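Let's take a walk through this one together. Have the coordinates open in your viewer and follow along.

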Amino acid sequence: MDWSVSAPGHRSARSVSSRRTLRYGVIALAVAAMLCAYIVTVVTRANAAETLLSQGKPTTASSTENAASAASNATDGDAGTRWSSAFSVPQWLQVDLGSQQSISRIALNWETAYATAYTIQTSNDATNWTNIYSTTTGAGGNVSLSVTGNGRYVRLNATAKNTQYGVSLWEFQVFGGGGSTPGSCGTANAAQGKPATASSTENAGTPASAAVDGNTGTRWSSAAGDPQWLQVDLQSVQQICGVTLNWEAAYATAFSIQTSTNGTTWTTIYSTTTGTGGVQNLSVTGNGRYVRVYGTARATQWGYSLWEFQIRVGGMPSTTSDTPTSPSASPSTSPSTPPSGNSVLLSYNKPAVASSWQNDVNCNPCSPDKAFDNDPASRWATSSTTGWVDPGWIYVDLGAVAQIKQVVLQWDPAYAVSYQIQTSNDATNWTSIYSTTTGKGFKETLNVNGTGRYVRMYGTQRSNGYGYSLWEFKVYGTGGNPVQPPAQPADPTFPANTLVWSDEFNSGTNVDTSKWTIDPGTGQNGEIQYYTNLQNTRIENGSLVIEARKETQGGRDYTSGRINTSNKFSLQYGRVEARIKVPKGNGLWPAFWMMGTDFLQGRPWPYNGEIDIMEILGRNTSEIYSTLHAPAYNGGGGYGQKLSTVDLSLDYHVYSVEWDSKRMTFRVDNQVIFVADRETVEATRGPWVYDHQFYIILNLAVGGDFPGPIDASTPFPSRMYVDYVRVYK
């Protein structure tokens, strides 16, 4: 349905048509998601095919900072683990490739503690070393080095560092091999039907996927602001040789074409400030799994809009990537884990004071303590009547003097462009330990060094005409008087194989009410059915049947069924799957999804979080949607993906999500629909609000804003069949 929304940071936004906002009765406070781009340029990799030689090989180092930062972490293929050295130079890290190899490239993924001067060396005996690369001006970040050398052992030898700490690498990758030279540029559109995402969408009718569907009558359009981007996942690293942009009237005058192997670190392969719109055929040269158009200046007062975004590839695709399969992708300046083994969260549930705070219908209450409650769905905001001014500030009392090592800010769209992090022992005299005039919002992880009982964010320039607002303000270090937040359950190991709950629908004649709660009533989002109390559900031939009928009940002309596990079963983390056969027909809307259980205690949607495992529209049963909804991204702006596949109405298919504290992976059968990585969500969309209990929902809706209306061709009765629902840990 159409929601009249208020965005965080106090302001009102125009009404939008939501793709799916909520099926469970509650008035939602939708939040506009505003995106900034974080771009790091790396050396363009060679076109030749190559092989990753170092992953999982024996790795040693001159020293380690602690047991958690072992040398092997830099070659394990996990961008969330790292090697870090003692706090001195020189330091080295070396990998044994097992046999003599030809070395063609080195990829370094530095943590904030990087080397400014270092060499890359090779050896056949780990004693006599040959330099194949050397620099005294290292800048950290992601670095790709084209080299020429041979050896069994490859070593990074650091001789100067940028911080008072040691040197630290998330990943140290050694590549070798040759391969064929690129061929001519192909003519096929490599982007068509591939997963596409965007910084924003104007409304539910202009999704990112519309620019890669091969249909010049559909389009993607963005919000009216700069910058904006559209990216497509080619699903393997390719040699990019051509791009075609078919602009709608709302085109970009300034934009770039960028490629990436990991969706985080981008290389510009084309740039212009004199774009003229229309159809642009661009010859480019680059490599990447991800390709995006990144707009920085609009031709009109509207956003950006593309009928089609086409990509041509040529030559032999590379066989490796600079990142592991499931990277911890974050454009923050450093990871959000404490910077050293003895640092802890100091700010949880500590007293807080702010320059002002909001308490009205749009934010009730957005008091200072909400930034320190370890709840990513609550926030502090400056007053909507007195707080839209500079400066604006918030501070926390740690209870005693502490050594401050790291500050993590999860901003609402009302963020600070210019601000300082300050410390004090008396909350009167303040010392700045960090300062910036280029704040980007979203999640900012700041490695700092300071001492004080009080820690303050002191904002001097706002990002927009509203105030300042933080979902989370976390302070890490030693000392203080910390209170530990409640422990979270351990992440499951996937593939999970311990069955913890299921319904096989093999017995009885109707829904087992010891497992399921019946949820009668009318739906939301413009749905036209009435959900009955067990009249539209039954067990038949080992399946649950949810049947939509053309009949009058509850003031509606159509009926259907909706059930959930509220107050019966809930979970935090695991694999949730169901084997389902969906109906076909205009206006039909089968779904398998989950809601945060705090909704049952009165927390309004979308602050409780929503996980849509499967939504299919009866008008096109060859497409499946998987989506996340949260305060900062929901309804038509939810974070998700559409996958085009076979006609899903012809047979049963298994729909699943694997969910832990780091990411969610959505699949149909064994095909990945969408991977939602926590660090990426926090760095590009807003808070991750899924670390708590959720319950499961099954329903078949009729009509609504997302599936559109029924018509004379819609069959009634229509049936959704569920073979089983299973949960594994």
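This is a predicted model: local features need pLDDT of at least 70, side-chain atom pairs count only at pLDDT 80 or more; totals for chains, interfaces and linings use all residues.

Residues are numbered from 1 along each chain as its sequence is written, and side-chain values use heavy atoms, with hydrogens and water left out.

Start with the core. The largest nonpolar core holds 58 residues. Here a nonpolar core is a set of buried Ala, Val, Leu, Ile, Met, Phe, Trp, Tyr and Cys residues joined through side-chain atoms within 4.5 Å; buried means under 20% relative accessible area, exposed means over 50%, and partly exposed is in between, using a 1.4 Å probe and protein chains only. If you want to find the residues with the most contacts inside this core, pick out F592, Y655, Y690, I696 and L698. The element that gives the most to this core is strand β44, residues 694–702, with five residues.

Now for the charged pairs. How many salt bridges are there by the rule used here? The count comes to 27, where a salt bridge is a side-chain nitrogen of Lys or Arg within 4 Å of a carboxyl oxygen of Asp or Glu. Take D226 and R298, whose side chains meet at 3.2 Å, N to O. D226 sits in the loop between β12 (220–221) and β13 (228–247) and R298 in strand β16 (residues 279–298), so this pair ties together parts that are 72 residues apart in sequence. D226 is partly exposed at 38% relative accessibility, and R298 is partly exposed too, at 24%.

Another salt bridge brings D375 and R603 together at 2.8 Å, N to O. This pair links distant parts of the chain, 228 residues apart: D375 is in the loop between β21 (363–366) and β22 (380–381), and R603 is in the loop between β37 (588–596) and β38 (610–617). R603 has a relative accessible area of 23%, so it counts as partly exposed.

Then there's R538 with E547, a salt bridge whose closest N and O atoms are 3.3 Å apart. Is E547 buried or exposed? E547 is buried, at 6% relative accessible area, whereas R538 is partly exposed at 21%.

Back in the loop between β37 and β38, have a look at T597. T597 counts as buried, at 17% relative accessibility. Which residues does T597 touch once its neighbours within four places in sequence are left aside? They are S570, H692, Q693, F694 and Y695, with contact meaning heavy atoms within 4.5 Å.

Q173, in strand β10 (residues 168–176), is buried with a relative accessible area of 3%. Q173 and V95 are 78 residues apart in sequence, and their C-alpha atoms are 9.3 Å apart in space.

The structure holds one disulfide, which here is a pair of cysteine sulfur atoms within 2.5 Å. It joins C363 to C366, with an S to S distance of 1.4 Å. The link is left-handed, with -55 degrees about the S-S bond, and both C363 and C366 are buried.

Finally, some backbone details. A cis peptide bond joins V89 and P90, with omega about 5 degrees; P90 is in the loop between β5 (83–84) and β6 (91–110). The bond from D390 to P391 is cis as well, with omega near -5 degrees, and P391 is in the loop between β22 and β23 (392–411).

As for phi, F505 has a positive value of about 55 degrees although it is not a glycine. F505 lies in the loop between β28 (499–503) and β29 (517–518) and is buried, at 3% relative accessible area. N541 also has a positive phi, near 55 degrees, and is a residue other than glycine. N541 is in the loop between β32 (537–540) and β33 (543–553), and it counts as exposed at 78% relative accessibility.

Notes: Helices (H or I, at least four residues) and strands (E, at least two) are DSSP runs, numbered from the N terminus.
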